[in-house]
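I opened this notebook to record what I looked up in one structure.

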Amino acid sequence: MVWTVRKMVKSSLACSSDSASRRCSSRQRAMISSSTWLMAYWYSPVQRATVRRTSLRMRERKRAEFDVLMRTYAELKGRWGGFSGYDRFIDAPNNALLAIVGDLTTDEAFAAATRAFGSWPRKDIREVRPPVPPAPARRVVVIDRPGSAQTEIRVGNLDVARTHPDFLPLDLAVRILGGEGANRLFGVLRTDRGLTYGASADMHAFRTTGDIVAETNTRSGATGEVLRLLVDECARLEREAVDPRELRGAQEFVSGNFPLTIETPAAIAEQVLAELFYGLDPRELESYRERVNRVTVADVRRVAGMFI
């Protein structure tokens with residue numbers, strides 16, 4: 001790095017005269033202008049001391065967080081029965097899914113699976129029932145942290161199961177709210193008002209339920225305004241029909257990104273396993289893009305009123 005700075009200083013001297021500056025490219029001049037900052041940063045004792053103190057604080061914080069994770073893991077491991085308990089639950093063919101993708105017939109695939117796993121004995125598996133999701137209710141949780149310069153804000157609700165018939169319309173509604181292809185939250189909070197550096201909304205749907213979370217952060221003094229705007233944008237999805245261009249943008253992102261998720265045999269196997277795990281029909285993958293593009297503005301408004 002020092003050699004680079006010195007080289008750039010030499011270049012700046014070579015380009016300092018009027019005749020030489022005409023021979024210097026814009027890229028060279030940009031690099032020369034940045035070399036002054038690099039030199040000051042590299043040689044400043046104050047900067048080096050600040051970096052060392054910051055690095056030390058980060059290491060101490062990471063060490064404390066790692067200690068908490070280790071204690072939590074030890075507690076979970078003790079309740080679960082250690083690695084042997086984990087193996088008893090996982091190491092069973094009647095608790096596993098297998099996907100084989102390649103240039104082979106069904107008979108060849110079954111023969112290969114039999115050779116590899118035919119002697120694997122079945123085991124009694126303890127059925128694990130997930131807890132029943134709580135009934136929908138409004139709740140505000142405030143964590144007071146005196147001295148904080150900014151506020152982290154989360155607004156959420158329970159999500160539907162992956163097998164729910166409204167999964168795709170809801171997925172698109174959340175993307176319009178704060179995901180790829182539209183992101184109203186970013187437009188209102190960042191672009192229009194400059195209250196944050198980022199805002200988003202995501203949904204995580206699993207076998208029985210999941211979560212929908214809209215999130216952002218802002219300076220402490222703007223907490224109330226940002227929270228009001230965020231909640232209002234969630235309500236606006238139900239109150240007003242979305243612009244067809246917003247829906248089209250979300251649809252184009254989802255349907256356009258889908259081929260990238262099935263480019264390789266491994267990616268196809270992963271998609272098939274996910275469909276099976278969540279209780280879906282793998283053949284639905286063939287019509288996925290068409291089903292995404294069939295979602296209407298009315299569908300988005302309807303599911304927003306039901307689930308967001």
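Entry 1. Across which strands does helix H8 lie, and at what angle does it run to S2? I worked from a predicted model. I found that H8, residues 184-192, lies across S2 and S3. I noted an angle of about 155° between H8 and S2.

Entry 2. I then turned to the sheet itself. I recorded an open sheet of three strands, ordered S1-S3-S2, with antiparallel pairing. S1 and S2 are the edge strands, each with a single partner, so one side of each has no neighbour in the sheet. From one strand to the next I noted an average twist of 15°. I also looked up the pairing of S2 with S3, which is antiparallel and runs over seven bridges.

Entry 3. I next examined how H7 and H13 are placed. Their axes come within 9 Å and cross at roughly 85°. H7 is therefore roughly perpendicular to H13. On the H7 side I listed Pro169, Leu170, Ala173 and Ile176, which meet Asp299, Val300, Val303 and Phe307 in H13. I classed the residues of this contact as seven nonpolar, no polar and one charged.

Entry 4. I looked up the largest pocket and recorded a space of about 1600 Å³. Its lining comprises 37 residues, and those nearest the centre are Arg139, Val140, Arg154, Val155 and Gly156. Strands S1 (150-159) and S3 (210-219) and helices H9 (223-239) and H13 (297-307) are the elements that give two or more residues to this lining. S1 gives the most, with nine residues. By class I noted 22 nonpolar, eight polar and seven charged residues in the lining of the largest pocket.

Entry 5. For the second largest pocket I recorded a volume of about 940 Å³. This pocket is lined by 37 residues, with Arg162, Phe167, Leu168, Asp171 and Tyr288 closest to its centre. The elements giving two or more residues to the lining are H7 (167-178), S2 (199-205), H10 (244-257), H11 (265-277) and H12 (288-293). Which element gives the most to the lining of the second largest pocket? I found that H7 does, with six residues. I noted that this lining divides into 19 nonpolar, seven polar and eleven charged residues.

Terms used: Residues numbered from 1 in each chain as written. Predicted model: local features only at pLDDT ≥ 70, side-chain atom pairs only at ≥ 80, totals over all residues. Heavy atoms only, no water. 1 Å grid on protein atoms, 1.4 Å probe; cavity = no way out; pocket = protein on both sides within 12 Å on 5 of 7 lines; lining within 4 Å. Points joined across faces, edges and corners; volume = space filled by probe spheres on them. Helix = DSSP H or I, 4+ residues; strand = E, 2+ residues; numbered from the N terminus. Nonpolar A, V, L, I, M, F, W, Y, C, P; charged D, E, K, R; others polar. Axes fitted to C-alpha atoms, helices over the stretch in contact; angles between N-to-C directions. Parallel < 35°, antiparallel > 145°, perpendicular 65-115°, else oblique. Contact = heavy atoms within 4.5 Å. Pairing = 2+ DSSP bridges.
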